[in-house]
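User: I would like to learn how to read a structure like this one, feature by feature. Could we go through it together?

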Amino acid sequence: MPNYDYDDAAKTVAFIKNFTDEQLETAIISGSGLGDIVDAIEDKKFLDPEKFPVWPRSTAPGHSGKIITGKIHGQNVIMLQGRVHFYEGHSMKAVTFPTRVIAMLGVKNFIATNASGAINKNFSAGDVIAVRDHINFMGTNPLIGENDERWNARFPDMSNAYNREMLKILENMGLKTGVYISFTGPSFETPAEIKMAEIMGADLAGMSTVPEVIVANSMGLKVAVLSCVANMAAGINPDAALTGEEVLDNMKKISEKLAKIIVDFVGRLD
């Protein structure tokens, strides 16, 4: 059983570097059903995570687990076609292990995507929202436990977790912004929980991303998150039942739109 510690990450980093001579600059993590972004990558190389020395395996629908390197607008990128989730039974160390590896590869820009339910009634299914802040309602933190100073300081600052310069670019591209709250899942939230989240200032609800953002921020990455609204959150439309199938179906419809946004965004990064 892997420890998902620094030594495990170092082994995986060394393995990946055998397959790419380029210095990777930007990482893209795709959420549920959003894997079509890979079509925008040029000079693609597909890496098989099954052969990595250490790598957590995703069991969530819509997360293929494939890893691709290549170029977007001439910039060297690595894309993770899906992620692992806390609700799958993985430890937080496993959930954030890919983020650790990405940072140790020397990547500077970290772009994550996810599917969410809209709490803000000004949002609707099909919207792509730039996350400007989050509320961690998962009841834990990926930095809990013995700290390894080779990775991050004991108490990293989260004031600029969502990079302001990157957020400004996304706003200039016409995207709305919002606050994302992360629950553990896998059950969808109750209407009362969504009402609580609304009072707390959340615009979007989901079951991922926040642990990755905490670790990426702690390791000095510039972070941007694009949240794709799959549906209205529980209780917003009282007669609407929420299903995982609906989320995946709606994400497939958004995937092409999201890919265009990401290609444009990467082209604007310094």
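User: Is Phe52 buried or exposed?

Analyst: Happy to start there. Buried means under 20% relative accessible area, exposed means over 50%, and partly exposed is in between, using a 1.4 Å probe and protein chains only. Phe52 has a relative accessible area of 7%, so this residue is buried. Before we go on, this is a predicted model, where local features need pLDDT of at least 70, side-chain atom pairs count only at pLDDT 80 or more, and totals for chains, interfaces and linings use all residues. Residues are numbered from 1 along each chain as its sequence is written, and side-chain values use heavy atoms, with hydrogens and water left out.

User: How many aromatic pairs does the structure hold?

Analyst: Rings of Phe, Tyr and Trp (its six-membered ring) pair if their centres lie within 6.5 Å; planes under 30 degrees apart count as stacked, over 60 as edge-to-face and the rest as tilted. The structure holds 7 aromatic pairs. One of them joins Tyr6 and Trp151, a tilted pair at 5.9 Å centre to centre with 55 degrees between the planes. Tyr6 sits in helix H1 and Trp151 in the loop between E6 and helix H3 (164-172), 145 residues apart, and the pair links distant parts of the chain. Tyr6 is partly exposed at 22%, whereas Trp151 is buried at 13%. The rings of Phe52 and Trp55 have centres 5.3 Å apart and planes at 85 degrees, so that pair is edge-to-face. Trp55 is buried too, with a relative accessible area of 18%. Both Phe52 and Trp55 belong to one aromatic cluster with Tyr4, Phe15, Phe19 and Phe97.

User: Which residues of H1 are buried?

Analyst: Helices (H or I, at least four residues) and strands (E, at least two) are DSSP runs, numbered from the N terminus. H1 covers residues 6-17, and its 12 residues reach 16 Å from first C-alpha to last, close to the 16 Å expected at 1.5 Å a residue. That expected span is 1.5 Å times one less than the number of residues. Asp8, Ala9, Thr12, Val13 and Ile16 are the buried ones. Seen down the axis of H1, they fall within an arc of 135 degrees, so they line one face of the helix. The arc is taken from the directions from the helix axis to the C-beta atoms. Their cover includes strand E2 (42-47) and helix H2 (92-104).

User: How many residues does the largest nonpolar core have?

Analyst: A nonpolar core is a set of buried Ala, Val, Leu, Ile, Met, Phe, Trp, Tyr and Cys residues joined through side-chain atoms within 4.5 Å. The largest has 56 residues, and those with the most contacts inside it are Ile78, Val101, Ile102, Phe110, Ile119 and Ile181. Another core, of 32 residues, lies apart from it and includes Ile28, Leu167, Ala259 and Ile261.

User: Where does Asp127 lie?

Analyst: Asp127 lies in the loop between strand E5 (109-118) and strand E6 (128-136). Asp127 counts as buried, at 16% relative accessibility. A polar atom of its side chain lies 2.9 Å from the backbone nitrogen of Ser124. Contact means heavy atoms within 4.5 Å; leaving aside residues up to four places away in sequence, Asp127 touches Asn122, Lys176, Ser227, Cys228, Val229 and Lys257.

Methods. A polar contact is a pair of N or O atoms within 3.5 Å; within protein, one must be able to donate a hydrogen and the other to accept it, and residues adjacent in sequence count only if both atoms are side-chain atoms.
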